[in-house]
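Here is a short note to read beside the model. Please keep the structure open and look up each point as you go.

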Amino acid sequence: MKHLMNKSIWILLIIASIIVSCEKDNESASIYERMSSDPNLSEFMNLLIHTKYDAVLKNNEPITVFAPQNDSWDTTNKDKWSELSRLNIVKRHIVMGYCPISLLES
């Protein structure tokens, strides 16, 4: 049952994800600044800050973030997540390097 619930959570997170990419040619705002200013990403930003992964977004390295919108967290029980679970969730939503959306579309 727990495995099925975890699988369901991941499916919901993937479906509700949006893609936020930091492009080298647009350095006017860091990906951290862009994500911080989006109220629909505040839950994921809190998770990034809690796991200290916000530091990864603050540098200007090419990075792609699959950032779930706030409503995708509604069905999860975040209060019961272990530190390792939080860290793994964040790691699975960040890809080092630039990944243009055209590569993700089929």
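1. Confidence by element. Strand E1 (residues 17-22) has the lowest mean pLDDT among the elements of the protein chain, at 45, while helix H3 has the highest, at 91. pLDDT is the predictor's confidence in each residue, on a scale from 0 to 100. Helices (H or I, at least four residues) and strands (E, at least two) are DSSP runs, numbered from the N terminus.

2. Basis of the note. This is a predicted model, in which local features need pLDDT of at least 70 and side-chain atom pairs count only at pLDDT 80 or more, whereas totals for chains, interfaces and linings use all residues. Residues are numbered from 1 along each chain as its sequence is written, and side-chain values use heavy atoms, with hydrogens and water left out.

3. Confidence overall. The average pLDDT of the protein chain is 75, and 69% of the residues score at least 70. Over residues 18-26 pLDDT stays under 50. For this stretch the model has 32 contacts beyond four places in sequence, a contact being heavy atoms within 4.5 Å. Where pLDDT is low, the predicted coordinates should not be read in detail.

4. Packing of H3 and H5. At what angle do H3 and H5 pack? The angle is about 115 degrees, and the axes of H3 and helix H5 (residues 83-91) are 10 Å apart. Axes are lines fitted to C-alpha atoms, for helices over the stretch in contact, and angles run from 0 to 180 degrees between N-to-C directions. H3 contributes Leu-47, Leu-48 and His-50 to the contact, and H5 contributes Glu-83, Arg-86, Ile-89 and Val-90. By type, these residues are 4 nonpolar, 1 polar and 2 charged. Ala, Val, Leu, Ile, Met, Phe, Trp, Tyr, Cys and Pro count as nonpolar, Asp, Glu, Lys and Arg as charged, and the others, Gly among them, as polar.

5. Thr-51 lies in the loop between H3 and H4. Leaving aside residues up to four places away in sequence, Thr-51 touches Arg-86, Leu-87 and Val-90. Thr-51 counts as buried because its relative accessibility is 13%; buried means under 20% relative accessible area, exposed over 50%, and partly exposed in between (1.4 Å probe, protein chains only). Lys-52 is in the loop between helix H3 (42-50) and helix H4 (54-58), and with a relative accessible area of 63% Lys-52 is exposed. Lys-52 is not a glycine, yet its phi is positive, about 70 degrees. Most residues other than glycine have a negative phi.

6. Salt bridges. How many salt bridges does the structure hold? There are 2, a salt bridge being a side-chain nitrogen of Lys or Arg within 4 Å of a carboxyl oxygen of Asp or Glu. One joins Lys-58 to Asp-54, with the closest N and O atoms 3.5 Å apart. These two are 4 residues apart in helix H4, so about one helical turn separates Lys-58 and Asp-54. Lys-58 is partly exposed at 46%, whereas Asp-54 is buried at 13%. Another joins Glu-83 to Arg-86, with the closest N and O atoms 3.2 Å apart. Glu-83 is partly exposed at 47%, whereas Arg-86 is buried at 15%.

7. Met-35. Is Met-35 buried or exposed? Met-35 is buried, with a relative accessible area of 0%. Met-35 sits in helix H2 (residues 31-36), and its C-alpha atom is 8.6 Å from that of Ala-67, 32 residues away along the chain.
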